[in-house]
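This briefing concerns one protein chain and is arranged by topic. Please keep the sequence and the three-dimensional view at hand while reading.

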Amino acid sequence: MRLIVTGTQGQVAPSLLERALVHGVEVKLVGRPELDLTDERSVADGLAGWPADAVVNAAAYTAVDRAETEEDLATSVNGAGAGFVAAAARRLGVPVIHISTDYVFDGSLDRPYREDDPPAPIGAYGRSKLAGERAVAAANPNSAILRTAWVYSPFGANFVKTMLRLGETRSEVGVVADQRGGPTSALDIADAVIAVARRLAGSRGVDGLTGVFHMTGGGEATWAEFAEAIFAEATAHGRKPVVVKPIATADYPTPARRPANSRLDPSALSKAYGVELPHWRDSLKSCVARLLAGPRA
């Protein structure tokens with residue numbers, strides 16, 4: 001199987017490139033300047049240049065706080081741009097897999113969100129990603145929209161890397177304890193995306209494989225609990241202990257509001273595709289070990 005993936009940076013695209021070797025999948029990453037999500041012609045030309053069995057849209061505007069002052073740009077990339085990718089995939093006669101986010105919800109529920117819960121984003125980034133979901137669904141009915149959350153990996157910028165960096169110089173770190181979600185390894189996302197792509201590309205219109213699905217690591221945590229696990233793993237590898245001081249969201253103000261509840265129910269993905277991501281603590285162990293053993297990506 002051959003996949004063409006939008007984006008060359010971040011976390012998901014490099015993870016797909018790495019995991020493709022394990023799964024015997026050929027992956028081509030396409031990003032700027034060859035493919036610019038704000039330019040429909042650029043997207044069409046960038047995807048048409050390489051034959052594939054499915055297209056994965058992993059490229060996105062991900063600066064959550066900056067999006068509050070750049071909503072037009074965020075929506076151009078995450079909204080219209082996602083639609084351009086889906087439309088180009090449809091013209092090529094292949095399915096599209098689109099990566100979305102927990103930020104499409106307001107976080108007010110007291111249980112994990114299901115796919116049929118109404119979206120209600122509370123910030124510009126979430127609004128831009130919801131626009132992308134709708135654009136993808138409208139442009140290509142042969143699509144799987146995969147919402148994920150709290151992504152970490154050996155690649156790009158993420159919470160695990162930030163905590164390990166802070167732990168080098170601090171003995172105590174204040175971390176938000178009133179937001180809860182499902183930490184998710186980008187390498188596990190890559191494995192899941194490849195499994196979904198295989199089924200979707202060979203489905204020939206099988207019911208139940210298209211639409212929106214939630215895809216997060218097993219288990220849940222607050223950011224403070226996540227940080228405690230990161231520092232525990234680091235200590236096991238010889239780093240000095242770091243104390244996590246639980247703080248409230250109000251004590252760490254940011255330009256963009258974050259959902260208090262980012263938990264996503266992944267049972268629909270398991271039912272449709274037989275895909276279940278490992279528990280986040282298990283995947284965290286290998287991620288921290290890798291980050292502390294080698295050069296930082």
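Setting aside neighbours within four places in sequence, Y273 is in contact (heavy atoms within 4.5 Å) with A144, V196, R199, L200, L209 and F213. This is a predicted model, in which local features need pLDDT of at least 70 and side-chain atom pairs count only at pLDDT 80 or more, while totals for chains, interfaces and linings use all residues. Residues are numbered from 1 along each chain as its sequence is written, and side-chain values use heavy atoms, with hydrogens and water left out.

**Y273 and its helix**

- Y273 lies in helix α8, which covers residues 267-273; helices (H or I, at least four residues) and strands (E, at least two) are DSSP runs, numbered from the N terminus.
- With a relative accessible area of 7%, Y273 is buried; buried means under 20% relative accessible area, exposed over 50%, and partly exposed in between, using a 1.4 Å probe and protein chains only.
- Y273 and V193 are 80 residues apart in sequence, and their C-alpha atoms are 11 Å apart in space.

**Overall form**

- The protein chain contains nine helices and 12 strands.
- The radius of gyration of the protein chain, taken over C-alpha atoms, is 19 Å, which agrees with the value near 19 Å for a compact globule of 297 residues; the globule rule is 2.2 Å times the number of residues to the power 0.38.
- The C-alpha trace spans about 55 × 40 × 40 Å along its principal axes.
- Of the 297 residues, 51% are buried.
- Among contacts between residues at least 6 apart in sequence, 83% join residues at least 24 apart.
- The accessible surface comes to about 13,000 Å², and 50% of it belongs to carbon and sulfur atoms; the areas come from the Shrake-Rupley method with a 1.4 Å probe, and for residues only the protein chains shown count as cover.

**Nonpolar cores**

- A nonpolar core is a set of buried Ala, Val, Leu, Ile, Met, Phe, Trp, Tyr and Cys residues joined through side-chain atoms within 4.5 Å.
- The largest nonpolar core has 33 residues, of which F159, V160, M163, V175, F226, I230 and L284 touch the most other members.
- At least two residues of this core come from each of α5 (159-167), β7 (172-176), α7 (223-236), β12 (243-247) and α9 (280-293).
- The greatest contribution to this core is that of α7, with eight residues.
- M163 is in contact with V173, V175, A227, I230 and F231, leaving aside its neighbours within four places in sequence.
- A second, separate core has 31 residues, including A13, V25, L269 and V275.

- Helix α5 is mostly covered, as seven of its nine residues are buried: F159, V160, K161, M163, L164, L166 and G167.
- The cover over the buried residues of α5 includes β6 (151-152), β7, α7 and α9.
- S153 sits in the loop between β6 and α5 and is buried, with a relative accessible area of 1%.
- Not counting residues up to four places away in sequence, S153 touches Q11, S15, N158, K161, A186, C287 and L291.
- S153 and L284 are 131 residues apart along the chain, and their C-alpha atoms are separated by 8.4 Å.

- R147 belongs to strand β5 (residues 143-148) and counts as buried because its relative accessibility is 3%.
- Beyond neighbours within four places in sequence, the contacts of R147 include E115, E133, H214 and L264.
- W150 is in the loop between β5 and β6 and, at 8% relative accessibility, counts as buried.

**Backbone geometry**

- Most residues other than glycine have a negative phi, and most peptide bonds are trans.
- W150 has a positive phi of about 50° although it is not a glycine.
- R32 and P33 are joined by a cis peptide bond with omega of about 5°, and P33 is in the loop between β2 (26-30) and α2 (40-48).

**The loop at D178**

- D178 is located in the loop between β7 and β8 (180-181) and is partly exposed, with a relative accessible area of 39%.
- Leaving aside neighbours within four places in sequence, D178 is in contact with I247, A248, T249 and A260.
- D178 and T222 are 44 residues apart in sequence and 6.6 Å apart in space, C-alpha to C-alpha.
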